[in-house]
Structures are given as structure tokens and as C-alpha cells.
Amino acid sequence: MIEQAGHGTVTIGSVEKYITDTAWEEGWVKPVKPVRERSQSVGIVGAGPGGLAAAEQLRRKGYEVHVYDRYDRVGGLMIYGIPNFKLEKDVVERRSDLLVRGGVQFHLNCDVGNAENFADLRKKHDAVLIATGVYKARDIKLPGVGLQNVFPAMDFLTASNRKGLGDDVPAFDDGTLDAEGKAVVVIGGGDTAMDCVRTAVRQGAKSVRCLYRRDRKNMPGSQREVANAEEEGVEFLWLSAPEAFLGNGKVEAVRAQRVHLGMPDATGRQTPQIIEDSSFTVEADMVIKALGFDPEDLPKLFDTEGLEVSRWGTVRVNFNTSMTSLDGVFAVGDIVRGASLVVWAVRDGRDAAEQIHHYIQAKATAAAEAAE
Ligand SMILES: Cc1cc2nc3c(=O)[nH]c(=O)nc-3n(C[C@H](O)[C@H](O)[C@H](O)COP(=O)(O)OP(=O)(O)OC[C@H]3O[C@@H](n4cnc5c(N)ncnc54)[C@H](O)[C@@H]3O)c2cc1C
């Protein structure tokens with residue numbers, strides 16, 4: 001439990017983990033047991049940390065809780081996005097098992113907007129919570145982007161996580177999504193890019209390079225993750241922007257250009273500017289695009305024009321109530337904040353559960369008064 005950075009202190013995270021693991025091992029963590037069951041139900045779209053946190057609190061209050069998810073497992077990005085070496089999957093699975101034992105009903109492989117109608121969910125339940133996260137990968141429009149072995153980050157990370165969970169993953173088993181023995185180039189400078197480079201190292205890549213158009217100081221990913229990746233042998237090519245993917249059918253190299261950082265833009269970040277005649281080429285058998293995520297077009301997917309979204313496509317909510325522009329429809333997590341963190345999704349989910357409870361009870365009281 002002594003931290004290894006040389007400060008001679010005890011890391012709080014390790015202490016918390018020890019206490020939590022002990023609680024699970026000793027059977028002190030028990031399923032939710034509501035004091036009384038209520039007649040109303042809540043539908044939650046998305047079984048990531050936001051949806052699960054809300055599900056637990058609502059079940060505790062005695063509501064019938066139904067969670068719908070398009071994946072075949074519970075956990076959202078905690079199960080298929082965040083790599084195993086950062087978050088052990090049994091930690092997620094033991095929590096979802098506990099929710100099942102507490103009476104939360106999961107409907108997996110259920111894609112709301114396609115297999116399941118959002119309007120029907122609103123009719124079925126007294127309130128609906130949207131906790132769908134952000135999944136539309138930002139793309140890059142460059143010559144050669146359609147070559148084989150140029151992948152979005154989530155394809156690569158999901159295949160790796162599925163393998164770790166013991167699934168059959170043909171695209172991994174036939175070598176397509178396995179970095180072993182390959183020269184891997186990851187494009188991007190966020191935490192997802194760091195997860196990709198570190199996963200590629202663990203799969204036994206021949207070399208792993210990260211191409212990022214700003215410098216180390218200006219990258220969005222955590223500095224600790226960069227230091228970890230460097231320690232593991234990842235080479236960072238700072239101030240480098242991809243120009244084209246080269247190859248014949250399959251990618252063989254990435255041509256990139258040097259960049260210098262110009263004047264700050266409206267957000268205060270220095271704008272990357274290409275340096276002329278600065279092209280260089282790096283070998284690549286596999287390229288992973290980790291350029292961030294945007295929300296899907298939810299009003300269109302859910303066929304609900306009245307659902308207000310921001311200009312970035314995130315769902316607008318009243319921050320005091322977590323309610324969207326639709327009566328009885330709430331939203332939490334990344335779909336409200338944009339790509340964020342697990343702790344924020346959990347916080348949002350708990351807050352929204354309280355607000356959903358107030359909403360349903362206020363409606364029930366009003367209905368009872370009207371009936372008198
Ligand atoms: C590669 C990667 C690494 C990360 N690492 C960290 C980290 O180390 N620490 C950290 O705190 N955060 C990390 N994050 C961010 C964190 O995972 C997210 O902020 C968090 O999971 C958001 O929770 P959520 O509940 O809002 O959404 P999600 O976890 O994305 O869950 C949303 C769920 O909704 C489901 N869904 C979506 N649309 C539909 C639909 N139409 N019908 C049915 N179901 C649907 C999805 O299948 C998914 O299960 C990482 C993110 C990525 C991509």
C-alpha cells in the first residue's frame with residue numbers, strides 16, 4: 001500500500017480499494033432491499049455508471065426499475081471502453097450482479113430508437129432517464145483513411161476487452177484487431193489514445209507511436225498516463241499531424257507533417273499550424289484513430305423532436321432537476337456533459353434519482369388530490 005512515487009506516503013486509492021475489497025469478500029455489501037415496494041416504474045436507457053447509479057437509488061426507494069442497453073453486458077464504457085489494466089471487469093460485474101439481486105431488471109441487446117421505441121418507454125414508465133453516453137467517433141478526412149487496418153479506437157478497445165472477458169472475437173483471433181508484432185500508430189492525445197497505446201504494448205506490438213498535433217503541455221490526456229506510456233516504451237511524436245495514410249490495400253505507413261503552435265484561439269488554446277515542407281513518414285501496420293467522441297443525434301434516433309440538445313448535440317437539462325425539455329424525461333452522464341468521467345456520471349445518476357422520486361411523488365399527490 002506504500003505508493004511508489006518515492007514520497008513515502010500511503011496512497012488513499014489503495015486504502016479505499018483494500019477496504020472495499022474486504023467489504024465484498026466478507027459479504028458486507030448486500031443487495032438493495034426496499035422498505036416498501038411502490039407501484040410506479042422508471043425506465044433507464046443506458047447501463048453505464050450514470051444509469052446504474054440512478055437504478056440503485058431508485059430501487060432503494062422501492063420503484064420498479066428497468067434498464068435498457070444495446071450492449072450484451074451491463075457497465076457501458078466501464079466494461080467495453082476502459083481497459084482491464086485500469087479497471088478490473090469483475091469489479092463492474094459484481095456490482096451489476098448485486099443490482100440484479102436487488103430487483104433491477106435489465107433488458108440487454110435492446111437498442112432504444114431501433115429495436116425499442118422511445119415513445120413506448122415513456123408510456124410504459126412513470127419517468128424515463130436517458131444515460132446513453134457519447135459514442136459517435138470523430139473521424140479524420142485524409143487520403144488513405146479507408147485502407148485496411150485503420151480502426152476507430154472503440155473497435156480496438158472493445159475487441160481487447162471482449163477477449164479479456166473470454167468472448168469469441170473472430171476479428172481479434174484472426175489477427176485483424178490484435179497488435180501483436182505490429183508497428184502501431186495511434187492518432188490523438190486524449191485518455192482514449194493513452195488507453196490504446198498502453199493496450200497495444202500489452203498485446204506485444206513491435207513498436208507503438210503516438211502522433212499528436214500539439215505538445216506535451218497542451219495535450220488533453222493526463223500527464224500521469226503519458227508518463228506511464230513512456231515508461232512502457234511508447235514513443236510520442238509531439239507537434240505532428242497526419243497528412244495521409246499510405247499503403248496498397250492495407251496501411252503500411254503514415255505520412256505526417258510537423259506543426260508549430262500559433263496564436264491562441266477563442267478558447268485560449270494555441271492553434272496548430274503546419275510547417276511547410278516538413279513531411280516525414282512512420283511505419284504502420286495498424287493505425288488507431290482516437291480523436292474523441294460526439295453524441296449521436298438523439299432527437300432523430302428517438303424520434304422526439306421536442307428533445308432539446310445543445311449545438312454539440314448533448315442533451316439539455318435543467319441543472320436543478322436533471323429534467324430535459326420533455327416532461328418526465330431526465331438525462332445524466334456523458335450525454336449531458338460530453339465525454340467526461342465515471343465519478344461525474346455516478347454523481348449525476350444519484351442526483352437525478354432523487355429528482356425523479358420528487359417528480360413521481362408530486363404527480364401522484366396531484367392525481368390523488370384531483371380524484372378527491
Ligand atoms: C477509452 C476510454 C477510457 C476511459 N477511461 C476513464 C477512466 O480511466 N476514468 C474515468 O473516470 N473515466 C474514463 N472514461 C470516461 C467514462 O468511461 C465515461 O465518462 C462514463 O462511462 C460515462 O458514463 P455514462 O453512464 O454517461 O455512459 P456510458 O458509460 O457510455 O454508458 C452508456 C450506455 O448506454 C448504452 N446506450 C447508448 N445508446 C443506447 C441506445 N440507443 N439504446 C440502448 N442503450 C444505449 C451504451 O451501450 C452504454 O452501455 C473513459 C472513456 C473511454 C472512451
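Just after helix H8 (191-202), Gly204 takes a positive phi of about 90°. Helices here are DSSP runs of H or I with at least four residues, strands are E runs of at least two, and both are numbered from the N terminus. This is a predicted model, where local features need pLDDT of at least 70, side-chain atom pairs count only at pLDDT 80 or more, and totals for chains, interfaces and linings use all residues. Residues are numbered from 1 along each chain as its sequence is written.

Back to H8 itself. Among the buried ones are Asp195 and Arg198.

Now the nonpolar cores, sets of buried Ala, Val, Leu, Ile, Met, Phe, Trp, Tyr and Cys residues joined through C-beta atoms within 7 Å:

| Core | Residues | Among its members |
|---|---|---|
| Largest | 43 residues | Ile44, Ala54, Leu129, Ile356 |
| Second, separate | 40 residues | Ala193, Ala200, Met219, Leu239 |

Leaving aside neighbours within four places in sequence, Ile356 is in contact with Val42, Leu58, Ala127, Leu129 and Phe330 (contact: C-beta atoms, placed from the backbone, within 7 Å).

What about the ligand? 35 residues surround it, the closest being Gly46, Gly48, Gly76, Gly133 and Gly333; a residue counts if its C-beta atom, placed from the backbone, lies within 6 Å. The ligand lies between domain 1 (31-135 + 294-371) and domain 2 (139-291), because both give residues to its shell; the domain bounds come from an automatic or database domain assignment.

Conventions
A residue is buried if 20 or more other C-beta atoms lie within 10 Å of its own, exposed if 12 or fewer, and partly exposed in between; C-beta atoms are placed from the backbone. Two residues are in contact if their C-beta atoms, placed from the backbone, lie within 7 Å.
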